[in-house]
Structure formats: structure tokens, C-alpha cells
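Please look over the two-chain model shown here before reading the report.

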Amino acid sequence: MEMSIICRTTTGFLAPMMLVFGIYIILAGHLSPGGGFQGGVILGSVVLLLLIAFGTREGRFSENVASFMEDISGLLLIIVGILGYVVGNALFSNFLVDKVGLAAGTIPVINVLVGLKVGVAFVVLFYTFFKYLERGP
Amino acid sequence: MKRMVPALLLVGTWAVFLAGLPLEYGKPVSDVATYYITHCTEDTGAINVVAAILADYRLYDTVGEATVLFTAILGVTLILGRNHHRTEQKMKQLDKLYGGSPDGDVYHL
């Protein structure tokens with residue numbers, strides 16, 4: 001179930017740019033407007049755009065890998081919080097300020113993890129809807 | 001007109017309540033907001049105050065937000081992710097194997 005050639009060409013043209021823009025929004029979240037959630041939504045919409053325009057054929061998208069990525073990033077988020085308790089002085093504290101070359105400490109790390117989690121979460125959510133629509137109620 | 005009375009009453013009460021509140025916009029009531037704006041960069045090293053609050057001061061809240069998304073996925077996949085066709089096929093197969101119940105009913109609906 002793929003869309004017309006106009007949609008497919010436009011998607012192929014736009015998707016790489018959106019991908020780079022989403023990564024930029026996440027990585028520069030502590031310096032400029034943006035952050036993990038916003039960049040994650042952009043990254044998720046790239047995959048959704050590709051899924052809508054080119055169709056959800058068998059083997060093109062692995063739901064297990066997406067779920068695994070979401071679980072791992074959520075788990076890492078909590079592990080970073082607990083590390084703040086072990087290494088720093090309080091739960092979820094920023095224990096990396098001005099260390100290991102990270103000026104903003106754990107903020108970029110948290111942004112990357114939240115972005116990954118949010119993006120993959122939206123993809124899995126809408127992929128379930130697509131599958132439901134294709135299969136029929 | 002009679003139906004409008006509760007709505008008008010509600011709006012009137014709300015307006016009186018809002019007018020009576022001692023709100024001064026632009027002047028934060030608590031000292032926390034002022035602290036965040038003045039100490040954000042030296043505390044966390046981030047220039048973006050919003051990112052500093054979301055990912056440092058209030059990180060616990062952000063983790064809760066991630067949990068909300070996780071719960072949403074859990075609910076959607078529990079309700080819609082099941083393959084109902086497969087269940088029906090299995091029931092039909094069972095009917096074919098055992099020929100329904102002794103009364104002649106078939107098990108699948």
C-alpha cells in the first residue's frame with residue numbers, strides 16, 4: 001500500500017534533511033531552543049513519513065528492534081539517574097558538569113536518551129495503528 | 001434563556017475569583033524562578049534554561065513523562081496489537097477437528 005510517485009519522491013527528498021535536523025535539535029538541545037522531546041518527535045516523524053509513503057511491507061520494518069531500542073533507552077535513562085545518586089550527591093543529579101569534555105554534564109546524554117525513546121515510542125504507536133488498519137478490526 | 005443561567009453563573013463566579021486574585025504578571029511569587037534564571041549556567045553549564053530545568057533540576061519529572069509514553073504504548077499494543085483473525089482461525093480449526101459440541105453448536109461465534 002504505497003502512495004503516488006509524487007509523495008514518494010518528495011519523501012525521499014525530505015527525509016534525509018529532516019533526519020539531520022532532528023539530530024541537530026537533539027544534540028544542540030542545551031545550547032539552543034529544542035531538546036530531546038522535540039528532536040525525538042522529528043526523528044519519529046521521519047520514520048512515519050517513510051512508512052506512510054512507501055507502505056508497510058513485510059520485513060521492511062522490525063517492530064522488535066524498535067521496542068528493544070525504546071526499552072533500552074528508558075532503562076539507560078533510569079540508570080543515569082541512579083548513577084547520579086551513586087557518583088553525585090542526589091538521585092537524578094548532574095554529576096558530569098565540566099568533566100569528560102561535557103560542559104553541560106549529563107544534559108546532552110539525557111537529551112539523546114529521551115529523544116531516542118520518544119521517537120521510537122511514536123513509531124511503535126503508529127505502526128500498531130497501521131497494522132490494525134491493514135488487518136481490519 | 002433558562003439554560004444559559006448556569007453557564008453565566010459559572011463565568012461570573014470565575015471572573016470575580018480571577019479579579020480578586022493578587023496576581024502580578026512578570027513578578028514571580030517564589031524565589032525558585034529567579035534562582036533558575038540567575039544560577040542556571042554556573043550550576044549546569046547549559047545556556048538553554050528550559051533544557052537545564054527539564055534535564056537537570058526537574059529530571060524526575062522528565063522520566064515520568066517517558067513513563068507516560070511507555071504506558072500509552074502498553075495500552076495500545078494490548079488492545080489493538082492482538083491478531084483477532086488468528087484467534088478466529090484457530091476456533092474454526094477446532095470446530096473442524098471436533099465437529100462442534102455434541103448438541104450440534106459450533107464453538108466459534
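This is a predicted model: local features need pLDDT of at least 70, side-chain atom pairs count only at pLDDT 80 or more; totals for chains, interfaces and linings use all residues.

Residues are numbered from 1 along each chain as its sequence is written, while chains are lettered from A and ligands numbered from 1 in the order in which they are written.

Chain B has five helices and zero strands; helices (H or I, at least four residues) and strands (E, at least two) are DSSP runs, numbered from the N terminus. Of its 109 residues, 13% count as buried. A residue is buried if 20 or more other C-beta atoms lie within 10 Å of its own, exposed if 12 or fewer, and partly exposed in between, with C-beta atoms placed from the backbone.

**The interface**

In total, 26 residues of chain B are in contact with 30 residues of chain A, contact meaning that the C-beta atoms of two residues, placed from the backbone, lie within 7 Å. On the chain B side, at least two residues each come from the helices tabulated here.

| Helix of chain B | Residues |
|---|---|
| H3 | 49–57 |
| H4 | 59–80 |

H4(B) gives the most to this side of chain B, with 12 residues.

**Helix H2 of chain A**

Helix H2 of chain A (residues 36–54) has 19 residues; at 1.5 Å a residue it should span 27 Å, and its end C-alpha atoms are 27 Å apart, which agrees. The expected span is 1.5 Å times one less than the number of residues. Buried residues of H2(A) include Gly36(A), Phe37(A), Ile42(A) and Leu50(A). The buried residues of this helix pack against helix H1 (5–27) and helix H4 (107–135) of chain A. Gly55(A) follows H2(A) and has a positive phi, near 85 degrees.

Thr9(A) lies in helix H1 of chain A. Thr9(A) counts as exposed because it has 11 C-beta neighbours inside 10 Å.

**The nonpolar core**

A nonpolar core is a set of buried Ala, Val, Leu, Ile, Met, Phe, Trp, Tyr and Cys residues joined through C-beta atoms within 7 Å. The largest one has 33 residues, of which Ile107(A), Ile110(A), Val114(A), Ala52(B) and Ala55(B) touch the most other members. H1, H2 and H4 of chain A and H3 and H4 of chain B each give two or more residues to this core. H4(A) supplies the largest share, 12 residues. Leaving aside residues up to four places away in sequence, Ala55(B) touches Ile107(A), Ile110(A), Asn111(A) and Thr62(B).
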